[in-house]
Amino acid sequence: MYIAMSSRDCVLCNTTFSTVSNLNKHLKRKHTDLLPQVNRIQKNGYTCDKCNQKFNSKKNIIKHLKHEHSELKIKCSFENCDRSFKTLIGFSKHLKNDHYIDINTESQSFNTIEEFKKWKTNIEDTNICQYVQRTSTKTYHNVEYTYYICHRSYHPRLASKGQRNLKSSGSVKIGKVCPSYIKVHKKGEQFQIEFCSTHLFHDNEIGKQRLHAEDRCQLAGKLGMGVTVQRVLNDVRNSATITDFKRIHLLEKRDLHNIKRDFKIDNYSTKKHENDFISVYLWVEQIKEKSETNPVLFFKHQGEDSTTHLTRDDFCLILMTEYQAEMLKKFGCDKICIDGTHGLNSYNFQLYTLLVVDNYGNGFPVAFCFTNKSDTSTYKLFFECIQRAVGLIKANVFMSDDEPGFYNAWESIMGPVSKQLLCTWHVLRSWSKNLSKIHSHEKKTMVYKTLKSLMHETDKNKFYIELTKVIEDLKNDTDTADFGQYFANNYSSRVEKWAFFNRRHIGINTNMYLEALHKNIKYCYLEGKQCRRLDLAINAVMLLVRDKCFERIIKISKQKRSSKILQIIASHNKSAHIKSHMILKVNSYTWTVNSLTDPKTKYIIEKINLPCSDCVLRCEYCKICVHIFKCSCMDNIIYLNICKHIHAIAKVDVLNVQPSSNVITSNTDENDKLKREILNNTETNITELYKEINNKMEAMLGMYNRATLSIESQHDILKNCDKILTIISKETNKSTDNVTTKTTNVKHIEKQTRFYSNNRKKPNINIPLSSLEGNLIRDSLNNSSGEVLNVHSSNDHSYL
């Protein structure tokens, strides 16, 4: 029996125990077959009980026990044969001599490991089989021994032992030992191969093969270069032929996603741990170390107490980078937009985005808030953090959806604004939903069109006259009375928030800046896939801010035309259809232009400002900017575009506008801030040497695709590529060994904290109804005698 003296380490599996008692229990439970064969001497090393051979280390006696005195693991699978063997070679001889199986063996010799790997891959593809390394490489008398066995041999890992479940197609393991093997002896630079090609107890099925390591590396290279999963699948499947059909042609998306995981291709900078809860915490702690450029304004983790209104179950993360703060200071005095979106994690945390409109007429996000709370107190906390970072923001326009909490929170922190507007799209959607109060389909259509026409009225006096008439007509009709009451109660008292007459020449009508931005996050940065991890959503918004900075650098440096400028150019081209006789000059500052579609309609154009020297929203042909004129057409009133009528006036009338040679002034300071912002929010562990190697490999690939090489040159390139692959594979194995940790089968593991949702699930009201219950209910309802269906609570079922 094993005698434990002072140590509490198991010499057979290197497991350490807290007490000698636990060690002895472990030995009796796990190593019963080896207990009589080991006897540890107190200070003189280790001795084998069976052969009295002495050893000076645990490693050597363990190796001796496994090789010399362990149970024979290879058992013959033929009926009425109970022979067992230690090695496949002995098992193969038994099959040949005792069962008269034709065992084919051959010998090979190779000069390099690359030649052996190519031969092995060719054998596996030809014979539709696979060989896996049975144990680690052994060294004996300066000769390295490596053993490969058929991957179908032995038993599968069972689910009852706490391991993974079996595949739906069954395990590749056959529960028996296939005699096929490859024995590799390396002496010096020579590789001697002993190969047994005979397979028994299984069919050679291509579906049971694994992807070759070389194929996985090649696919990982394509995925790492940004080739899409679908493109990789198409390339692989297009290469399949009847005569050349291999395991790689059975490639699935799941295989490619596994390769991405194993090669860490899709790892993103905000992922610090496999547990999302821990990952977000670690990222926040790491980012907080950047004292000057820390984008985290506020962080409250789930399970932590807070001095704010947030409870232990609540989560809140507020982000604003240094350049986002600069943009808010610069453009926050004009327009402020806010909206929320869901679907960026599996915990029902909302993303709220604060946005401004820059001088190019494009939206720029200036702050983000991830939280599970959607109330005024949380919005106040959001704006308080922003106010502490940038000071008070006196905005002219505040736009949101029909949620009063947004503006109430803003007003209490930043003060009132000149115009509080509701998003037109949200208002129309609310009206459309409540049209269900009207039964007639024709009346629904007419009411919706009437309200939309009322909304588009830009004359204030006409609007109030029309509003009174609409409400009166709705209430006088019995079918529309309920909807009329709803409209009067919810919208007639706050018309300035949704009517067009109160948003003349402001340049914003809907929250489509934010709608488009949130759609961009979901369908571009998250590729339209369901996002379950919060750290992935955080990574997406940080990449969005980075790309917005790049877009602004491009606009400033290259003077790229924005969408607003393209609209101005389109209006300039349309103005060619307006002839000079359609224009009437009223005075030095006023003109009228006849409509192209309705000659009775006239648009009034007024000159209101002098030319701007620094405005980028301008027509270079007419030498005018968006602030010089205003027009009574919808294109200028609502969308603040230089409409075709203004362009027509600029062409035919002398405006005494001094053209500016270059309206884009020097933006060196802003460019420097943008570059600093990009560098501060870009995390990379890539060294300069790694970049240089990567660049040279990409350059070689590009040159190879264009070059016409001789056979000799191609062989030279192959030899050098093999050398490079050998170096990389060695370093890859080292890195894998460094990160591999020993796992033990411990049942009582402390449960990790994870994110969770506070939203209560709605009760399931879809109560099943059996055919018998349905018949009884219908019979009761059709009972002319007036009897009532009686439901007994004591029964094992009930009727509804």
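These are my notebook entries on a predicted model of one protein chain.

**Ground rules.** I number residues from 1 along each chain as its sequence is written. The model is predicted, and I kept to these limits: local features need pLDDT of at least 70, side-chain atom pairs count only at pLDDT 80 or more, totals for chains, interfaces and linings use all residues, and side-chain values use heavy atoms, with hydrogens and water left out.

**Overview.** I looked up the secondary structure and found 24 helices and 24 strands in the chain. Helices (H or I, at least four residues) and strands (E, at least two) are DSSP runs, numbered from the N terminus. Of the 800 residues in the chain, 39% are buried. Buried means under 20% relative accessible area, exposed over 50%, and partly exposed in between, with a 1.4 Å probe and protein chains only. I also looked up contacts, meaning heavy atoms within 4.5 Å. Among contacts with a separation of 6 or more, 59% join residues 24 or more positions apart.

**Helix 1.** In helix 1 (residues 20-30), Leu23, His26 and Leu27 are buried. They lie on the same side of helix 1, because they cover an arc of only 100 degrees around the axis. The arc is that of the directions from the helix axis to the C-beta atoms. Lys28 and Arg29, on the other side of helix 1, are exposed. I noted the general rule: an α-helix has 3.6 residues a turn, so residues three or four places apart point the same way.

**Helix 18.** I checked the length of helix 18 (residues 563-574), which has 12 residues. The expected span is 1.5 Å times one less than the number of residues.

**Cores.** I looked up nonpolar cores, which are sets of buried Ala, Val, Leu, Ile, Met, Phe, Trp, Tyr and Cys residues joined through side-chain atoms within 4.5 Å. The largest has 74 residues, and Leu354, Phe382, Phe383 and Trp410 have the most contacts inside it. Helix 17 (residues 534-558) gives the most to this core, with nine residues. Another core, of 29 residues, lies apart from it and includes Ile565, Ile583, Cys619 and Phe629.

**Cysteine 150.** I found Cys150 in strand 9 (residues 143-150). Its relative accessibility is 1%, so cysteine 150 counts as buried. Leaving out residues up to four places away in sequence, cysteine 150 touches Gln130, Tyr131, Cys178, Ser180, His199 and His202. Cysteine 150 and valine 177 are 27 residues apart in sequence, and their C-alpha atoms are 8.3 Å apart in space.

**Two loop residues.** Phenylalanine 201 lies in the loop between strand 11 (190-196) and helix 5 (213-224). Its phi is near 70 degrees, a positive value in a residue other than glycine. At 28% relative accessibility, phenylalanine 201 is partly exposed. Leucine 640 lies in the loop between helix 19 and helix 20. Phi of leucine 640 is near 55 degrees, also a positive value in a residue other than glycine. With a relative accessible area of 25%, leucine 640 is partly exposed.
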